[in-house]
Amino acid sequence: MELLSPEELEEALRRIGAERYHSNHPFHRLLHDGKLTRGQVQAWALNRYYYQAQIPVKDASLLARLPTAELRREWRRRIEDHDGDGTRPGGIERWLKLVEGVGLDPARAVSTAEILPETRFAVDAYVHFVRDRSLLEAVASSLTELFSPTIIAERVSGMLRNYEWIHEDTLAYFTPRLTQAPRDSDFALAYVKAHADAVEKQQAVLAALRFKCDVLWSQLDGLYYAYVAPGFVPPGAFVPEAA
């Protein structure tokens, strides 16, 4: 591999997203197209909560390594976006509203007792990756946000259109993300393009984004295997009520 220009590096990152982002996963196609039962949507909401709840945890470990106040202020916004600031709800609280809106007690999500092992392993691996890898790799792993506005728009419109028991307030989590994700990804992309100034660093950046895509994809693999086909729910995991 030769050293890429910043523009070529961005193109390579975007190609990874086009190929590997979880918008391409069969479970998401079923979710958006209204092909899942209420119980299957509940399983998705409950498991996804663990990912949402761990985002500020991984961001706090990254924040601690940023070398300047300016960078720390920029990254601190991500934590406030998910944890809230004490005066307004954050993404975690809004996700619990989604859990409630699809018919589950939010306490079941908060306990994390019923999540799939694939969910726990994948999310914990992401937290550990951000904690243990280089700062550049940690920042690069967040670049799946480059692709999230498209999947959010598809998800919201598809779920509102196809599930009569889901309403706009149920999906209120996603509205702020349409502006937060582009803001955050613009910053992260600029940082990566400025600091990935050697072949080895660029390879590490590309690998970090592939890893993050795998984290998201593997969570949906677990959901599909347990709740769609073949339908093998592991011991202790959430079991939807019979329709």
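This is a predicted model: local features need pLDDT of at least 70, side-chain atom pairs count only at pLDDT 80 or more; totals for chains, interfaces and linings use all residues.
**Entry 1: Ser 23**

I started with Ser 23, which sits in the loop between H1 and helix H2 (26–32). Helices here are DSSP runs of H or I with at least four residues, and strands are E runs of at least two, numbered from the N terminus. Residues are numbered from 1 along each chain as its sequence is written, and side-chain values use heavy atoms, with hydrogens and water left out.

Is Ser 23 buried or exposed? Ser 23 is buried, because its relative accessible area is 17%; buried means under 20%, exposed means over 50%, and partly exposed is in between (1.4 Å probe, protein chains only). I then looked up what Ser 23 touches, not counting residues up to four places away in sequence, and found His 28, Arg 29 and Ile 151. Contact means heavy atoms within 4.5 Å.

**Entry 2: helix H1**

Next I went to H1, residues 6–20. H1 has 15 residues and runs 21 Å from its first C-alpha to its last, close to the 21 Å expected at 1.5 Å a residue. The expected span is 1.5 Å times one less than the number of residues.

Which residues of H1 are buried? I listed Leu 9, Glu 10, Ala 12, Leu 13, Ile 16 and Gly 17. They cover an arc of only 160° around the axis, so they are on the same side of H1. The arc is taken from the directions from the helix axis to the C-beta atoms. On the other side of H1, I found Arg 15, Ala 18 and Glu 19 exposed. The buried residues of H1 pack against helix H10 (174–195) and helix H11 (199–227).

**Entry 3: helix H7**

**Entry 4: H3 against H5**

I checked helix H3 (residues 38–63) and helix H5 (residues 91–101): their axes come within 10 Å and cross at roughly 175°. The axes are lines fitted to C-alpha atoms, for helices over the stretch in contact, with angles from 0 to 180 degrees between N-to-C directions. Among the contact residues are Trp 44 and Tyr 49 of H3 and Trp 95 of H5.

Thr 112 has a positive phi of about 60°, although it is not a glycine. Thr 112 is in the loop between helix H6 (106–111) and helix H7 (117–132), and it counts as buried because its relative accessibility is 15%.

Last, I looked at the peptide bond from Ala 229 to Pro 230: it is cis, with omega near 5°. Pro 230 lies in the segment after H11.
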